[in-house]
Amino acid sequence: MKRYICRILSLLVLASLLWPASLRGQEVTDRLPTYHALELGLGRIGYTLEKNIAPDLSVGFSIGVNSSFHFNYDQQTIRDGVSERRTTRSDFGLSLAPALELDATWYYNLLRRQAAGYNVAGNTANYITLRVSPITMANLVATSGYNRHAYSSALVAWGARRRLGSSLMYHYQIGLSAGYIYPNRYYQSQWYYAPAISVGIGYIL
């Protein structure tokens with residue numbers, strides 16, 4: 001399974017790099033400006049930078065804070081042989097962790113949108129992206145109920161980015177992530193695979 005996912009990721013990266021823009025039916029002489037934005041998404045806030053290395057291909061990074069929380073509510077009935085009483089217990093937990101991600105993104109319909117007269121500043125187009133998190137320390141700051149651990153991960157996803165006025169944008173994406181959890185006293189070393197869905201808004205700097 002790991003071997004097939006690695007092959008798929010490699011093919012997507014090679015296709016993006018080796019398929020020049022001139023063969024995609026459009027010609028653009030200038031690259032778009034570097035994209036800077038503050039982004040807020042599901043469980044994440046951070047800063048993103050993208051540098052266009054071709055008219056519709058960018059590389060970049062994002063740095064931010066990932067968060068998660070849980071809330072448990074439980075009712076129990078306790079019997080002592082003669083009477084019974086009902087107790088209620090609630091528990092809330094919050095976890096924060098810094099995160100660094102590196103990515104390569106192909107905006108496959110950006111040139112067509114630009115030719116149609118759309119404002120594509122900020123790389124507002126549909127895209128395929130490969131994103132890698134070299135190492136993340138999960139639950140670095142956390143309440144009870146969370147165990148600290150480190151992991152590395154990679155994500156391949158399809159998504160879209162659109163503008164909301166002159167300075168705001170929104171995005172949504174869906175993909176597949178794979179990662180490796182490093183062993184510690186709470187976890188054994190293990191690989192994991194999971195679907196990944198993301199939506200968010202951003203302020204373009």
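The model is predicted, so local features are taken only at pLDDT of at least 70 and side-chain atom pairs only at pLDDT 80 or more, while totals for chains, interfaces and linings use all residues. Residues are numbered from 1 along each chain as its sequence is written, and side-chain values rest on heavy atoms, with hydrogens and water left out.

The protein chain carries 2 helices and 9 strands (DSSP runs, H or I of at least four residues for helices and E of at least two for strands, numbered from the N terminus). Their order along the sequence is α-β-β-β-β-α-β-β-β-β-β. Of the 205 residues, 37% count as buried (under 20% relative accessible area, with exposed over 50% and partly exposed in between; 1.4 Å probe, protein chains only). As for contacts (heavy atoms within 4.5 Å), 57% of those between residues at least 6 apart in sequence join residues at least 24 apart.

Strand β7 (residues 149-164) is mostly covered, with 13 of its 16 residues buried. It pairs (at least two DSSP bridges between two strands) with strand β5 (residues 126-138) in the antiparallel sense over 11 bridges, and T129 sits opposite A157 in β7. β7 also runs antiparallel to strand β8 (residues 168-181), this time over 14 bridges, with R161 facing H171 in β8. β7 and β8 make a hairpin with 3 residues between them, and G165 in the turn has a positive phi of about 80°.

Now for the rings. Aromatic pairs (Phe, Tyr and Trp, the last by its six-membered ring, with centres within 6.5 Å; planes under 30 degrees apart are stacked, over 60 edge-to-face, the rest tilted) number 8. Y107 and Y127 are edge-to-face because their centres lie 5.6 Å apart with the planes at 65°. This pair links distant parts of the chain, 20 residues apart: Y107 is in the loop between β4 (84-106) and α2 (110-115), and Y127 is in strand β5. Y107 counts as buried because its relative accessibility is 0%, and Y127 is buried at 6%. Y151 and Y192 are likewise edge-to-face, at 6.5 Å centre to centre and 70° between planes. Here Y151 belongs to strand β7 and Y192 to strand β9 (residues 190-204), 41 residues apart. Y151 is buried at 18%, whereas Y192 is partly exposed at 25%. W158, Y170 and Y172 form one aromatic cluster.
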